[in-house]
Amino acid sequence: MRRRGLWLTVTALACAFSLQACREPDGNETFLRQDAARDGVYVYTLPLTDTTAAYDFWFYSRTRRHTVEDLQLNVQWLAPSGDAFSETVYMRSVGPRGSRELYRSAVVPAQAGDWQLSVRPVGAEGELLGWGVVYKKRDGTR
């Protein structure tokens with residue numbers, strides 16, 4: 001009788017760990033080197049499957065030698081349905097030691113699925129080593 005109780009406990013724990021491993025990640029960080037950009041555009045696929053959650057997004061980069069101030073970024077979002085949204089934003093400063101800056105906070109996806117984020121830095125193409133995106137799901141729901 002006692003062995004059966006131990007077996008059930010072990011089985012229940014294994015199932016709990018399996019379910020935890022299968023859940024959606026709370027975020028991700030992706031850095032693309034300059035040679036991975038398509039004609040100067042860095043393209044990321046972001047699995048934003050929880051439309052009840054809010055997400056924060058950061059950009060980060062590093063330059064070869066010189067600091068670049070007020071770096072213009074042409075950003076485009078492509079929804080799973082194919083709808084697109086474009087905007088121009090500016091990163092205050094990117095330097096040789098690396099820089100990270102909040103891009104958007106508390107974004108709630110209108111559609112669940114894989115979103116495509118494209119970023120084109122303008123004016124520092126030869127100086128950038130690459131471009132990175134960090135996204136993280138916030139605690140709680142909206």
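Start with the side chain of Asp83, which makes a polar contact with the side chain of Ser81 at 3.3 Å. A polar contact here is a pair of N or O atoms within 3.5 Å; within protein, one must be able to donate a hydrogen and the other to accept it, and residues adjacent in sequence count only if both atoms are side-chain atoms. This is a predicted model, in which local features need pLDDT of at least 70 and side-chain atom pairs count only at pLDDT 80 or more, while totals for chains, interfaces and linings use all residues. Residues are numbered from 1 along each chain as its sequence is written, and side-chain values use heavy atoms, with hydrogens and water left out.

Asp83 sits in the loop between strand E4 (68–78) and strand E5 (84–94); strands are DSSP runs of at least two residues, numbered from the N terminus. Leaving aside neighbours within four places in sequence, Asp83 is in contact (heavy atoms within 4.5 Å) with Trp77, Leu78 and Gln111.

Trp77 leads us to the largest nonpolar core, which has 28 residues; Trp77 is among those with the most contacts inside it, along with Phe59, Leu71, Leu73 and Trp131. Such a core is a set of buried Ala, Val, Leu, Ile, Met, Phe, Trp, Tyr and Cys residues joined through side-chain atoms within 4.5 Å. E4 gives the most to this core, with five residues.

Finally, look at Ser61 in strand E3. Ser61 is buried, because its relative accessible area is 3% (buried means under 20%, exposed over 50%, partly exposed in between, with a 1.4 Å probe and protein chains only). Its side chain reaches the backbone oxygen of Gly130 at 2.5 Å.

Note on methods: Helices (H or I, at least four residues) and strands (E, at least two) are DSSP runs, numbered from the N terminus.
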